[in-house]
Amino acid sequence: VYGAAARIITVVTIPLTMASAILAPIIAELHAHGQKDKLEKVLRVVSTLGGLPAVVAIALFVFAGQPGLELLYGDALYREGWPVLVLLGLGQLVNVWSGVCAQLLIMTGRQLGVMFITLASSALAILGAFLAVEPFGMYGVAAAFASGIALQNFMMVVYSYRTLGVRSYMLVNPLALRGLLVEIKETMRQRRQSRLQAQQDE
């Protein structure tokens, strides 16, 4: 039952995973040129665009998770996995909110920081699961791992801001997307022109 709920919740991170792969060269280039403001705008727009569908999906899991699990797996027994789905969904909500902060840190040479944060949060999650499994069963395990995911991403957001001065998390006001998208479009146009000019000069 736990595994069934855990497999479903991984779906919400797919958009951000794809965005991380696409953003890698852009992060490296903007960071190398010291364009911190443009980098932050790109990261926050992509985080918001990738995060909003995930927020909707998590809301559906919360409000319609029980019938959804039964329908998907064909057995009323799986309804018991709904609290696991909700707990893991809350952990992934923090993951989605934080955006692509891990990719930002890795592409700017802060792999060690990412490794230490990941190891520390994972160790705490495993310890918490070990302590919670006997009194609370799979729900305690889900709460421990959800807390570990939330802690890991929150620490990465703080670390990236303190070391780089760049925020990667979702926009508080999604309506601000329109203006930022126009700016990013212009930035990408200038980027293409610069590359063409460099090729012509060669």
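Student: How much space lies in the largest pocket?
Tutor: About 410 Å³. Keep in mind that this is a predicted model.

Student: What makes a residue part of the lining of that pocket?
Tutor: Distance decides. A lining residue has an atom within 4 Å of a pocket point. In this model, 21 residues line the largest pocket. Nearest its centre lie Asn95, Ala102, Ile149, Gln152 and Asn153.

Student: Which elements give two or more residues to the lining of the largest pocket?
Tutor: They are helix 2 (14–32), helix 4 (82–98), helix 5 (101–107) and helix 6. Helix 6 gives the most, with nine residues.

Student: How many helices and strands does the protein have?
Tutor: Seven helices and zero strands. Read along the sequence, the pattern is α-α-α-α-α-α-α.

Student: Why is the contact of Arg167 with Glu40 called a salt bridge?
Tutor: Check the distance. The closest N and O atoms of Arg167 and Glu40 are 2.7 Å apart. The cut-off is 4 Å, between a side-chain nitrogen of Lys or Arg and a carboxyl oxygen of Asp or Glu. The value 2.7 Å is within 4 Å, so the pair is a salt bridge. In general, side chains of opposite charge can pair when their charged atoms come close.

Student: What does the pair of Arg167 and Glu40 tie together?
Tutor: Arg167 lies in the loop between helix 6 and helix 7 (177–201), and Glu40 lies in helix 3 (residues 36–73), so the pair ties together parts that are 127 residues apart in sequence. A search of the whole structure finds one salt bridge.

Student: Is Glu40 buried or exposed, and how do you know?
Tutor: Glu40 has a relative accessible area of 13%. Buried means under 20%, so Glu40 is buried.

Student: Why is Ala21 called exposed?
Tutor: Ala21 is found in helix 2. Its relative accessible area is 56%. Exposed means over 50%, so Ala21 qualifies. Ala21 and Gln103 are 82 residues apart in sequence, yet 8.4 Å apart in space, C-alpha to C-alpha.

Student: How do you know which class Val158 and Met138 belong to?
Tutor: Val158 is in helix 6, and Met138 is in helix 6 too. Val158 has 30% and Met138 has 23%. Both values fall between 20% and 50%, so these residues are partly exposed. The C-alpha atoms of Val158 and Cys101 are separated by 9.4 Å. For Met138 and Pro83 the separation is 9.3 Å.

Student: What makes the nonpolar surface patch?
Tutor: Leu124, Leu127, Phe130, Leu131 and Leu151 make it, covering about 520 Å². Patch residues need over 30% relative accessible area, and nonpolar side chains are joined within 5 Å. Leu and Phe are among the side chains counted, so these five residues can form a nonpolar patch. Leu124 is placed in helix 6 (residues 111–164).

Notes:
Residues numbered from 1 in each chain as written. Predicted model: local features only at pLDDT ≥ 70, side-chain atom pairs only at ≥ 80, totals over all residues. Heavy atoms only, no water. Patch = residues over 30% accessible without salt bridge, like charges linked within 9 Å, V, L, I, M, F, W, Y side chains within 5 Å. Areas by Shrake-Rupley, 256 points an atom, 1.4 Å probe, with all protein chains shown as cover. Helix = DSSP H or I, 4+ residues; strand = E, 2+ residues; numbered from the N terminus. 1 Å grid on protein atoms, 1.4 Å probe; cavity = no way out; pocket = protein on both sides within 12 Å on 5 of 7 lines; lining within 4 Å. Points joined across faces, edges and corners; volume = space filled by probe spheres on them. Buried < 20%, exposed > 50% of the residue type's maximum accessible area, 1.4 Å probe, protein only.
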